[in-house]
Amino acid sequence: MSKQLPATSEALNTSKARLSLSSVFAIAFVSVFVIFISVTILAHSRLSDFREILDNLANKSLPNVVFSEQINNHITALSAISDGLSYANSEAALRIAERQVNDKMEQIRTVAERHGGTQYLDFHLNAIESEILELKTIALHRIKLAKQLALQQKALYALNNEVVKITTAPSLSKQDIQALQNWRAALYEAVALSSNAVNMSRLQAIRQSSFAAKTITDTLYKNADELPISLRPRLIKIVDEFTQIAIHEQGIFPLQINLLRISGRVTGRGNFVHSLITDYARLLNFKSYQLSDSLITQTSRTSTRIKEQIDNVGLYVIGALILLLVIVFFIQNRVVRRLVQLNMVVQDRANGFSNTTHISGNDEISDIADTIDYFATTIEQQKLALQELSLLDGLTGIPNRRALDERLEHELKLANREKWSLSLLMIDVDYFKLYNDNYGHASGDTALVAIAQLLEGFAQRSGDFAARYGGEEFVFILPNTDKDGAIRVATALLEAVRDANLEHKYSPKEDHLTISIGASTCQQQDPKDADYVQRLADHALYSAKQSGRDRMVHYSDIITS
């Protein structure tokens, strides 16, 4: 592949003229510089004419416009601040919004009186104050309803926790647990309906949920005789409490319905206040329009002179802009876009992803792209080959001893961080030397492959890991698995090998292949060391072989015996 890259570059140079990036940027720089100098000279020649016009506007017209803009700013701010009354979600926020509205209205009054306020404007402000007071009253009622609803929600969650505590108590018998399943499921459904009702915005949907919850509670009362006698009074009391929290007059469903109605009134009143403020803004802007008339008159006289100058330079500026756009477009397509593509290719290849984007052209960028592609492809091929050789067993295709050591260290660190148990199974094929001596090494290899496939079939969880330890020995890592779990997996492995019925007539134990398993488990408080875990499992494996093979032994059983 290293010989093909120069040949490809030579072919491109022959078929297409090479344009260096340094030439591209030099041409672009010179063009931009010429355009800048030309526009600067032309603009300087017209500045003297513009100066007279600007002085007139700054000294006479703009002060009046600025004053009118101040009034408009106050009105705009009042309109925005008044919305805070509608959106306030607490009494403190409501008081803050009310104070801001009052301050802003006082500022508007001061400005209006300073420049000739009228009695009609004062009447309009009084009307706004009256409507704001009504809006505040309704908003305060909404906030109080929301607080009541939040308290009922909290009570509902507490009741739900109590149900979980009762129905999962360790003292419950299996019969009681079965009897409580339907009751708990029904109550959970009612709790879910009540909890979801808080987020509903349609009255009909809330009423339907309320009716469904009422139906469920009626059914729970009706079937109370089916509950365990010892828990029946307590469970009936829980249903009573749920009825008070969710269904009665001060329950979640009625409160949410009232809250939606009050929220609608708040929105309507807020819109009405907003309209009043808008009308007041129109009145105050009347004087602003009068001031603007004089400015418009002056501007119309000066616009003719400015238009004459603009016509003279317009074509030149348009031409300059078009040339700049052409230069920018050329650089964008010739350099920037291809650099972005090259950056994406480099990032994808660096992160191990495939990217077949071709960087066209015949310059430094295309040369870099070809070189990066060549080296990235070579590195990926070498990396894949190295990983395949170093981490997989050549015979069975499952991870080898090296992969096992890396994975075990990782799982031990994870178990130590997550504070969970970790179990390890050491597996040995019984009388495998007799199998090789009588059936031949080819058959022995086939048997090892079959057992390795059985082990891989038991790696159901993402953390489970099976590997070949060496010869006829295998290791199975079981993260987040205690002693009982390790025994269940080991027992299932023994049965699976027996059910596979791999013939071994020369075994002193059975007429088919069997395995022996030694298990060890690191508890949360045990030291998490790879050699330590493997030594314990190996010791347990030795005990299993000494006890007659075709069995499993856990290291903790050796200690207790």
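**Close-up views of a predicted model**

**View A. Val34 and the surrounding nonpolar surface patch.** Val34 lies in helix 2, which spans residues 21-87, in this predicted model. The residue belongs to a nonpolar patch on the surface that also includes Phe29, Val30, Phe33, Phe36, Ile37 and Ile41. Together, the residues of this patch present about 740 Å² of accessible area. Val34 has a relative accessibility of 46% and therefore counts as partly exposed, since that class covers values between 20% and 50%.

View B. The backbone of Lys419 has a phi near 60°, a positive value in a residue other than glycine. Lys419 has a relative accessible area of 52% and is therefore classed as exposed, because the cut-off for exposed residues is over 50%.

**View C. Arg549 in the loop between helix 14 and strand 5.** Arg549 is located between helix 14 (530-546) and strand 5 (552-554), in the loop that separates these elements. Although Arg549 is not a glycine, its phi is positive, at about 65°.

**View D. Packing of helix 5 against helix 6.** Two packed helices are described by the angle between their axes and the distance between the axes. Helix 5 (residues 174-197) packs with helix 6 (residues 203-222) at an angle of about 160°, and the axes are 9 Å apart. Angles over 145 degrees count as roughly antiparallel, and helix 5 and helix 6 are therefore roughly antiparallel to each other. The crossing of helix 5 and helix 6 is left-handed.

Terms used
Residues are numbered from 1 along each chain as its sequence is written. This is a predicted model: local features need pLDDT of at least 70, side-chain atom pairs count only at pLDDT 80 or more; totals for chains, interfaces and linings use all residues. Side-chain values use heavy atoms; hydrogens and water are left out. Patches are made of residues with over 30% relative accessible area and no salt bridge: like charges are joined within 9 Å, nonpolar side chains (Val, Leu, Ile, Met, Phe, Trp, Tyr) within 5 Å. Accessible areas come from the Shrake-Rupley method with a 1.4 Å probe; for residues, only the protein chains shown count as cover. A salt bridge is a side-chain nitrogen of Lys or Arg within 4 Å of a carboxyl oxygen of Asp or Glu. Helices (H or I, at least four residues) and strands (E, at least two) are DSSP runs, numbered from the N terminus. Buried means under 20% relative accessible area, exposed over 50%, partly exposed in between (1.4 Å probe, protein chains only). Axes are lines fitted to C-alpha atoms, for helices over the stretch in contact, and angles run from 0 to 180 degrees between N-to-C directions. Angles under 35 degrees count as roughly parallel, over 145 as roughly antiparallel, 65 to 115 as roughly perpendicular and the rest as oblique. A crossing is left-handed if the near helix is turned anticlockwise from the far one by less than a right angle, and right-handed if clockwise.
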